[in-house]
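Let's walk through this one step by step, with the picture open beside the text. Take a moment to find the chains before reading on.

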Amino acid sequence: MIKRFAVILLLLGIGAIFTGLMVNYVPDKALNVTARYYAEQTAPDLGAANIVTAIIVTYRGLDTLGEVTVLFLTAAIVGLVLARGSSDEAPARRDLPPPGELLLTGTRLLLPLILLFGAYVFTHGHLTPGGGFQGGAIIASGMLLMLLSHPLRRFGHRLIAIVESIAGLAFVGIGVLGIALAGGFLDNRILPLGTFGELFSAGAIPIIYTFVGLKVGAEFSSMLVNLSETEDL
Amino acid sequence: MNLNIGMALLLAIGMIGTAIMATRGKRSLGISILAAGLASLLASVMFLLLGAPDVAMTEAAIGSGLTTFLFFFVLGRVRRGEND
Amino acid sequence: MVSPIFIIAGSLGGAFLLGLLRDPWRGASYVISLLVLTFTTWLAGSWLWALSSGAVTPVEILTAGTQPPFAVNLRLGIAEAAMVLLINLTGLLSALYLKDTLFKQGRRAMAVLLIFSMALSGIVMTRDLFNLFVFFELTVISTGGLILLSRDPRALAAGFKYLVASQVVSILMLVGIIFAYHATGSLNLDDMAAASAALLRGGALAFFLVFIAVVAELKVFPANGWALDIYESAHPAFSALVSAAAGSASLVAIDKLLQIGGPAWMDVASIIGIVSFVGANLFALAQRVDRRLLGYSSVAQIGLILFVVGQQDILGERYLFVAGGVLLAHAVGKAGLFWLSGLVAGRDLTAWSALRGNPLLLFAFASFLALLIGLPPFPGFYAKWELVHAIAAHDHLLELALLLFGALVEAGYLYRWFGYAIKREIDHEPIAPSLYKRAVVCVAVLAGWLLAYVWGELSPHDNLLHAVPVLFALAFLALEWLPARVKNALAIAGLLGWFAFSYPAYDPLQLIFALIVLAGGALILLASFHSDGRRLGFYPSAMLMYAGLAMLIVAEDSFNFFAAWESLTIGSYFLILRGRQSEPHALSYLVFSLGGAFLILAGFALAAQGNVQFLLVSLAEVAEPLAPWVFALLAVGFMTKTAAIGLHIWLPGAHAEAETDVSPMVSGILLKAGLFGLFMLLMTMGRQELYGVDLAHVMMWIGALSALLGNLMAAFQEDAKRLLAYSSIGQMGYALFGLAMMNHLGWLMALMFVINHYIYKSMLFLSVGGVAKRTGTRAMYQMGGLITLMPLSFIAVLIGIIAMSGVPPLSGFGGRWIFYNAIMTSEYRLPMILIFVSGPIAFLYLFRLIHSIFLGQLKDEHRRVKEAPFWLVLPQMIYVVCLLVFALAPGLALRRVDAYISNFLPQGALSWEGLTITSEFGYWSPVSIMLIVGVIFVVIFAWLLFVNRRAQKVKQFNIVFAAERPYRPETTHYAWNFYAPYKKALGFLAWPVFERFWAAVTDLLHTLAELLRRIYTGNGQVYAIHLLAFVVVVYLLKEGL
Amino acid sequence: MDLIAMATGFLLILIGLFGALTNRNILRMIVAFAVANTGVNLVLVSVGYMTGRTAPILDSAVPVAEATARVIDPVPQALVLTAIVIGVGVTALMLAYAYRLFKTRGTLDISRYTDLKW
């Protein structure tokens, strides 16, 4: 009870800080320097229509690399955590009901569509909302569906690992190419910018986002698979 | 304009309600998780209103979708462990 | 040059590559990890080298080919390069150390390790606020992974607690970042710094949130419970990384933020830092588990560095030198200790006694502790010197006091631990045999000494590792394999050689002290020929002490003086610790000595007013409001060393429990360091008044009380060596009294005491030590009648006590004579009476020494006792000769000193004609006194022989007795509680008031620590609540200020 | 509207923190943190919002030349994207921990994991 009271008191303090932030908050009337630069320069410089994508993949590409690394790390650690000590426990007996026919058929039908949709989302990230992360998540949900329909099926850990590694290496590699061929690490202008608004434009952005999408999809799949397989080991 | 604000208010009330539902210790964990996912989903609608479709997509796919699944995966394992 | 971006790209590439490998290819994965870390280390190292040699200028690393603030940019300057090198090198070494664990856990763990060091490097290099956040999150997550390397099952819960706290931190940070962006329109740190004023006006809260979040990442006290749990349960190699690498990276981040925050926030950082330093050190006092102790110490050290970071505005261009010195010393020392802890099987502090079998690791342990505490010659020493000078010059006196107090507490618990390692029973498992783990530890030791050298070169002072005496002492480390006798000969040759070499440069005062320290030290070392074997550890310690003493005498500026002072303190601590029962006494010696040393440091710093190269003679020019304080600080510091009453409680144990040949060193020689300091102080600063009180007068009272009480306590001892030890308190009291009289004769007398005390105390300690060695006891009532068995020792003691009691004809009388003359010239009657009274008391205990040990009945079990070993007796006989010569011709030494003192106190000089000395009250002719006393003695002796010519000799055991056996047999012994009546009358004076006082102080500290550390309940939620409370409290304080 | 979103976001953070610090069940703590993270994202996006402007995507509706006057600040959105992904990473990690903790300790009560203290 004392703890609850203390928490309320402290959160009142934090709330006061937040209130202070809000009271002092004056919405901008015009874009600030940074945002104006992005609004004006993204199209001519990078050839991307989606400014958010341009920022994520190129201007703040280092953040994104870090972000992808976060997922990589999480997947690796989830694997580590779950692998830890599990070998010495007796495998649990599975007595789940077998998946229904409906789910199986549905999965077979839906999976290709989902994967395709995911791929669409990440390849068009520079043009429309969406991109590698969203696309990757969609791909992972396809995997999830597979997990649900074949709960006992062993997944190709190896395939997932190879996809995530290759995608990661490719991301870093493209970044390094930026140093060699363009203005610096993660510069997307190693490829021609192409025609504004088309699929194959904006330099390396679609390529990077594809790898990001693959990697994100692989990481999430790896996490899900690891979690789902914990009891089978 | 007013429509937007009205929607935003509705969403806000919805989010706060679901958030409280998610964090109150009284309900079952499953409901908490669902409520948190719902709050996240409502937030993604809010993002759309705020002119951030990219964020909205991400929040919907990752924040509310995948996270909720992750929760249920673990919850399922733990529940089964509790039955042992 | 290869672009530094490859530090990040390389690690990431390596980590992703590991994913490609198959799980069973552990060897290949491991090799790749090592290669990547070696590459990044090399890259950072090459940049550091190029930057520090001036070959390149700091680089801006742009990404995306776009200028900041529109794209993320990184920067690598010299400080960043050093930090990145530190991070990657620690990572590499930890990876080596973790070989077995990594093999077991597989490539995933290796990838996490690579990303961890990459993320830390990123924190150091990035110039973008949000990018900083990303790297922080990477650190958090990889920490979550690396905690699992531990085999400790508790690590899992610790990791979860950590994640809970980090969630809170990252929420605050993100909110702060977005509002900071809103306020400045940029995420670039340099832009924000440029727009600092605007940000701090409109977005002060935003900045506060970011700032407090990064501060929380530093694991500052008291919002750090989770960190302590991690330190305790994680794999030591990972704890090393957290403490050394992650801590450093977060500090760099704080530094970047303070460029935005400016002076107002630097003050906040300073306060948080110093509170953390003192609080964590205090809590550590109650800690028994090694790694948790190291955790507390890490928190404290990082607090100290945070304090330095907060003081950068007053440190100016020396900021990097100071911060770098403290930080690198902490990093190397702490990482080294964590690595070392992986070799020790037990987790209790006493389990470290297992190290005792391995001198190399013990040396590593000692080096790491010295690094942490900031002892010379390590970087922390130079850094603390400048830090203390800077804050003293800016009148931050409270901070100064807290800083020194925290450092003292830290030294206390760290050296207590060292004492356990040296002295406790080895009943634990032996240290792990793993060779590469030991190699990693050795690399850390090397790095520590290398840093010591580099910092010495960078400092404006002389490099302490260029000082010949220090090098000579260190050389004995390399010669440890030689037999003790050979080393002893080398040591003696070294002392005498250095004396001969420096002889021409000494002034008369220095000459006297040099004679005692170097020639006298060589003389005492003769006794060390007695030991055979290799006597590991003895010579490096002893020579370090002598090196400190030799350098002290010739020091011209305060830095060299203080460095010498610390060296001799540490050397003598190791020396005292060698005694069989000396563990607690050595610790109390060290704590008092370092406490005194810190007062001296504070005094010098106050006097210097920011001038780090302060000549000792400039003490004379210290201006008025400050001068008496400087004087008081220095005087109390020096009086700690001379064991003035109140500060004396360390002395009896330390001197009595030391080895036979060590006792004379620490008593006969080491005590003189304090007197030398007082001489130096009084010569330069003269009389000072504080609130109208003459400080010299106060010193005189202290001297008189020390003389009286020291002698009184000596008289009530049962233990012969303790008796001698207490008598030193009294003797030093006399010398202090003489000095404080501030007249010519007083000083001369003090010098007389310097010489006399050296001779007779060394002699007595040697002879009593020899007796104790032969009889196997130090309790006087268990001895008796040894005069016939140990005649040479008897002669030495006899001569010694004659000299000491100040009766004619020996030199003690000369001392007294000068003394009484001196008193006549001064006006202070009351302390004089005390001094007069203490004379006869001295006689009481001296009488007891000869009576109970050598006269009376021989004990049955001692009937076969032989004379003390030759090498113990030889120096005693030399002392006898010295005493006689000095008694006959005191002018040999004193005449030149007399003239020298006239430079300072011209009035009342003695006149020396031939062998006769004249003062204004009378004259003293040693030769005639000797003759007269000799005649009287011979006459009385002959008369006694004549009177007793018919006495019958009775066999000693020719008696029969029958009685009950008493419960405590010694109570019936006449030599036990010898002065019972006096004790009844005067015992209240010898009541251990000061012992009680200091015991109460330490008890209080320990109890506080024990009670307060219970805020760390172990509950992860409570830790998170602490964190929030910390945020709110800092916010309220900052708003209130 | 941005203020509504911001206030909601802050409230969500506080609710989330309250839940995380008062529920002893670690799964509930993780859920509460997820709620708080949603709140953080809301606050972040609301800071970039400008009334009457559109999403920062250049298309036929928003030509390049008018972008400066027509689009919303894209930076906070980019940051939120990163934050969301990082958030889910941390959540997944905590979940894995929770699972292991449950397996080894047999309980989800955080107040029972206090064998390390003081």
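How far apart do the C-alpha centres of domain 1 of chain C and domain 2 of chain C lie? They lie 21 Å apart. Before going further, a word on what you're looking at: this is a predicted model, where local features need pLDDT of at least 70, side-chain atom pairs count only at pLDDT 80 or more, and totals for chains, interfaces and linings use all residues. Residues are numbered from 1 along each chain as its sequence is written, while chains are lettered from A and ligands numbered from 1 in the order in which they are written.

Back to the domains, whose bounds come from an automatic or database domain assignment. Chain C is split into domain 1 (1-127), domain 2 (128-461 + 1022-1040) and domain 3 (467-940).

Now zoom out to the whole of chain C. Its secondary structure comes to 40 helices and seven strands. The radius of gyration of chain C is 32 Å, close to the 31 Å that the globule rule gives for 1041 residues, so chain C is as compact as a globular protein of that length. (The radius is taken over C-alpha atoms, and the rule is 2.2 Å times the number of residues to the power 0.38.) Buried residues make up 63% of the 1041 residues in chain C; a residue is buried if 20 or more other C-beta atoms, placed from the backbone, lie within 10 Å of its own.

One helix to pick out is α15 (residues 319-341) of chain C, where 20 of the 23 residues are buried, so α15(C) is largely enclosed by the rest of the structure. From its first C-alpha to its last, α15(C) reaches 32 Å, close to the expected 33 Å, a figure that is 1.5 Å times one less than the number of residues.

For strands, look at the open sheet in chain C with the order β5-β6-β7 and antiparallel pairing. Strands pair if DSSP finds at least two bridges between them. The edge strands, β5 (911-913) and β7 (923-924) of chain C, each pair on one side only.

So much for one chain; what about its neighbours? Among the five pairs of chains that touch, chains A and C have the most contacts. In that pair, 46 residues of chain C are in contact with 51 residues of chain A. The largest share of the chain C side, ten residues, comes from α6(C). By contrast, no contact joins chain B and chain C, whose closest C-alpha atoms lie 15 Å apart. Chain B does meet chain D, with 41 residues from chain D and 41 residues from chain B taking part. On the chain D side, α4(D) gives the largest share, 13 residues.

Technical notes
Contact = placed C-beta atoms within 7 Å. Helix = DSSP H or I, 4+ residues; strand = E, 2+ residues; numbered from the N terminus. Buried ≥ 20, exposed ≤ 12 C-beta atoms within 10 Å, placed from the backbone.
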